[in-house]
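This report describes side-chain contacts, a helix, voids and backbone angles in one structure.

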Amino acid sequence: TTCERCTRLRTHCLEIARTKRRAYQDWNYWGRPVPSFGDPDAQLLLIGLAPGAHGANRTGRMFTGDSSGDFLYSALHATGFASQPKAIAPNDGLHLQNCYITAAARCAPPGNKPTREEFNACRPFLARELEILRRVRIVVVLGHFALDAYLTTLLHKNVIKKRSRYPFAHGKMYNLGGGMSQLVCCYHPSRQNTQTGRLTMPMMLRVFRQIRFLIEGVS
């Protein structure tokens, strides 16, 4: 939570934390890199894009305090991976069950678009998590950026040869072989996707119900 590698991102996070959104004027914004969250013995790992400016950048917990989180945790709760369907603040009682959540970038980016350099600067954190989370069997990437970050990490570890062999498609599953976790692609639960119908709750539930089936088969 003290990383200062990306000047643009740190400046943006602190500016958002200083000016705040009118609805959250009483909040003391987190405004720092957001740590990962969940069960350290999880078999399911979710990789998002980056903290929301007034969500995780405000609350200090992944997918907490915005509509993306409301959508995601509703699906996780319905499929047994989260203790409750809402994520409001770090002290709200939510805990993840056999699930861990991280992101391709740990700081809220302007326009929700980190640069390639910013992704690369954050990648060592993801690489280290993949080493520490030894029980992970399934990795869900939420959107194209998360897929790219994960595949780039595997490429640098010499686990895969080409990223192009794993194109993004919602609900697509890849068996990477060699004892690696299965890879599952899912649209990001951003407002842009959920409000336009690109991602519906039944679509997301199908993904996590399939994952539940796969995990119970390998437990």
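Rings of Phe, Tyr and Trp (its six-membered ring) are taken as a pair if their centres lie within 6.5 Å; planes under 30 degrees apart count as stacked, over 60 as edge-to-face and the rest as tilted. By this rule the structure has 4 aromatic pairs. One of them joins Tyr166 and Tyr174, whose ring centres are 5.3 Å apart and whose planes stand at 90°, so this pair is edge-to-face. Both Tyr166 and Tyr174 are buried, where buried means under 20% relative accessible area, exposed over 50% and partly exposed in between (1.4 Å probe, protein chains only).

The model is predicted: local features need pLDDT of at least 70, side-chain atom pairs count only at pLDDT 80 or more, and totals for chains, interfaces and linings use all residues. Residues are numbered from 1 along each chain as its sequence is written, and side-chain values use heavy atoms, with hydrogens and water left out.

**Charged side chains**

A charge is said to sit over a ring if NZ of Lys or CZ of Arg is within 6 Å of the ring centre and within 35 degrees of the ring normal. Arg58 lies over the face of Tyr24, at 3.6 Å from the ring centre. Arg58 also lies over the face of Trp27, here at 4.4 Å from the ring centre.

Side chains of opposite charge can pair when their charged atoms come close. With a salt bridge defined as a side-chain nitrogen of Lys or Arg within 4 Å of a carboxyl oxygen of Asp or Glu, the structure holds 10 salt bridges. The table gives examples.

| Glu4 | Arg10 | 4.0 Å |

In the pair of Arg10 and Glu4, Arg10 is buried at 6% relative accessibility, whereas Glu4 is exposed at 57%. The other two pairs involve helices; helices (H or I, at least four residues) and strands (E, at least two) are DSSP runs, numbered from the N terminus.

Asp148 is partly exposed at 21% relative accessibility, and Arg116 is partly exposed at 42%. Arg116, Asp148 and Arg163 are linked in a network of salt bridges.

Glu131 and Arg128 are 3 residues apart in helix 4, which means that about one helical turn separates them. Glu131 is partly exposed, with a relative accessible area of 37%, and Arg128 is partly exposed, with 49%.

The buried residues of helix 3 are Ser68, Gly69, Phe71, Leu72, Tyr73, Ala75 and Leu76. Gly80, which follows helix 3, has a positive phi near 85°.

On a 1 Å grid over the protein atoms alone, a cavity is a set of points where a 1.4 Å probe fits but cannot get out, and a pocket is an open set with protein on both sides within 12 Å along at least five of seven lines; lining residues have an atom within 4 Å of a point. Grid points are joined across faces, edges and corners, and a volume is the space filled by probe spheres set on the points.

The largest pocket has a volume of about 940 Å³. Of its 36 lining residues, Ser68, Asn112, His188, Ser190 and Arg191 are the closest to its centre. Helix 3, strand 3 (99-103), helix 5 and helix 6 (191-194) each supply at least two lining residues, and the largest share, 3 residues, comes from helix 6.

The structure also holds 1 cavity of 30 Å³ or more; the largest cavity has a volume of about 50 Å³. Its lining includes Arg116 and Asp148, together with Phe119, Asn120, Arg123, Phe145, Ala149 and Thr152. Helix 4 and helix 5 each supply at least two residues of this lining.

**Positive phi angles**

Most residues other than glycine have a negative phi. Phe63, which is not a glycine, has a positive phi of about 55°. Phe63 lies in the loop between helix 2 (56-59) and helix 3 and is buried, with a relative accessible area of 10%. Asn158 likewise has a positive phi, near 60°. Asn158 lies in the loop between helix 5 and strand 5 (173-175) and is exposed at 63% relative accessibility.
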